[in-house]
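Here is a short note for a colleague opening this entry for the first time. Please keep the sequence and the structure side by side while reading.

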Amino acid sequence: MPERKDFGDALVKAARAPIQAANVRLGEGAIGEGIAALSKADLLAGLRQGIENAAAVFKFRSVDVEALLPWDALLPALDRLEAAQIAALRAVQQHAIAVGGPLSGPTRGAPFDARKQTGAEALFKVSKRFATEPLISGPIELLGTEVSGWETLVSQCGDRLESSPLHARYTRRRLLVRAALVVVILGSFSVAGRSAYKTKQIENARARVDAALRAEDPCAVEKLAPEDIALAIPEQVTAEKSRLEACASGRARAKYVAACETLAKNFEAGKLSPDDLALAKEAGPRLERAQKRELGEGDLLATPKDMPCQDSPSKDRFFGTYATAAAESKKVWTEATRASDDLRDALGGKDFATKPYRDELSRRAEPAAAKAILSGKPEDMELGQKLCDFAASFGIERGKKCTGLAAVLAKKR
């Protein structure tokens, strides 16, 4: 007759099988292969085989055994172990590249005994070989720590099965068989009823998890009860974490898009807040100068891509307001000689036909052209032509002096 210990041992033995296989490779000196054998997939497969083996001891269904295990502790432990295993394997591979060969060779001291030695002990032995090389020993030692934690959890799972009511149920069933056939039949009905209820409870929980995972809104998983997640299969738990991350990312994106919309509205209204300026980042000071109509010469070289929130739907709402601010920043036009093509195109429109910048450009261009015609000096000619061309680039009609200067320059060519 199987004992309680047989119930837990069946699970622990199968769950430790991948670790023992890794120990064998480590003991043979194949360090990279030994670490690779400690993958999350192999350890989870070993645990699932242990569940099946434990269920077979008392002829229970795997789902009954699976429901007893602390998945809320097992799955995070596997995730941490996976990260440590990847880091250790990467360190070994990098060492192999550096020395031109794999990290291998027998370990110092007594040889490994895969049956008696824990995975953590084997890894700690390996890490000690490279005590002077922390880039190798550190990741391997960390992996040993995570493997130790996993082995402890597996042992706790075995203890949990041994102390579970399933063994008592099995024992009671056999006693009832021996006592009387009628009692056995009644007991069987009772066991079947409880088992059916438990199975139905698990099936319903997993169905609710599936429905939440299939929902269009990833935030639907937030409404799942912790009890449902506790009964979910590992794949569902992983998918639930991904959906929670997608939910958080979606909310952050929506918050950012709304903040950009507010920034665009406040910029148009000329009421930028500290939060707006923080969101605008490096474009913030330029927006402040635009709001005050105090743009400098360098600001005239700005393009739509220099506006904030370029990765949001509000990206095209800024430059029109910025162009208006540029047209009304009268002081900058008293010395400006350059502007971006985008700003020129914007200010050449009918909406800006009466803006102060046009008068300022004309006021500068015509006198400069007159001076150039009178003096005939090359430097005056160059400046006059530059100012006349600059004004004309905004669609401002050339005055008599600018037209005359163009004719003089044409004759000289």
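Are cysteine 260 and cysteine 309 buried or exposed? Both cysteine 260 and cysteine 309 are buried, where buried means under 20% relative accessible area, exposed over 50%, and partly exposed in between (1.4 Å probe, protein chains only).

1. Basis. This is a predicted model: local features need pLDDT of at least 70, side-chain atom pairs count only at pLDDT 80 or more, and totals for chains, interfaces and linings use all residues. Residues are numbered from 1 along each chain as its sequence is written, and side-chain values use heavy atoms, with hydrogens and water left out.

2. Disulfides. The count is three, taking a disulfide as a pair of cysteine sulfur atoms within 2.5 Å. With the bonded cysteines numbered in sequence order, the pairing reads 1-2, 3-4, 5-6.

3. Cysteine 219 and cysteine 247. Their sulfur atoms are 2.0 Å apart. The link is right-handed, with 100° about the S-S bond. Cysteine 219 sits in the loop between helix H9 (181-214) and helix H10 (226-231), and cysteine 247 in helix H11 (residues 234-269), 28 residues apart. Helices here are DSSP runs (H or I, at least four residues), numbered from the N terminus. Cysteine 219 is buried at 13% relative accessibility; cysteine 247 is buried at 1%.

4. Cysteine 260 and cysteine 309. Here the sulfur atoms lie 2.1 Å apart. The S-S torsion is about -85°, so this disulfide is left-handed. Cysteine 260 belongs to helix H11 and cysteine 309 to the loop between helix H13 (284-291) and H14, so the bond ties together parts 49 residues apart in sequence.

5. Cysteine 388 and cysteine 402. A disulfide joins them, S to S 2.1 Å. Its torsion is about -80°, so it is left-handed. Cysteine 388 is in helix H17 and cysteine 402 in helix H18, so parts 14 residues apart are tied together.

6. Aromatic pairs. The whole structure holds nine. Rings of Phe, Tyr and Trp (its six-membered ring) pair if their centres lie within 6.5 Å; planes under 30 degrees apart count as stacked, over 60 as edge-to-face and the rest as tilted. Ring pairs link Trp333, Tyr357, Phe390 and Phe394 into a cluster.

7. Tyrosine 357 is buried at 0% relative accessibility. Its ring and that of phenylalanine 394 have centres 5.6 Å apart and planes at 65°, so the pair is edge-to-face. Phenylalanine 394 is also buried, at 1%.

Technical notes
Helices (H or I, at least four residues) and strands (E, at least two) are DSSP runs, numbered from the N terminus.
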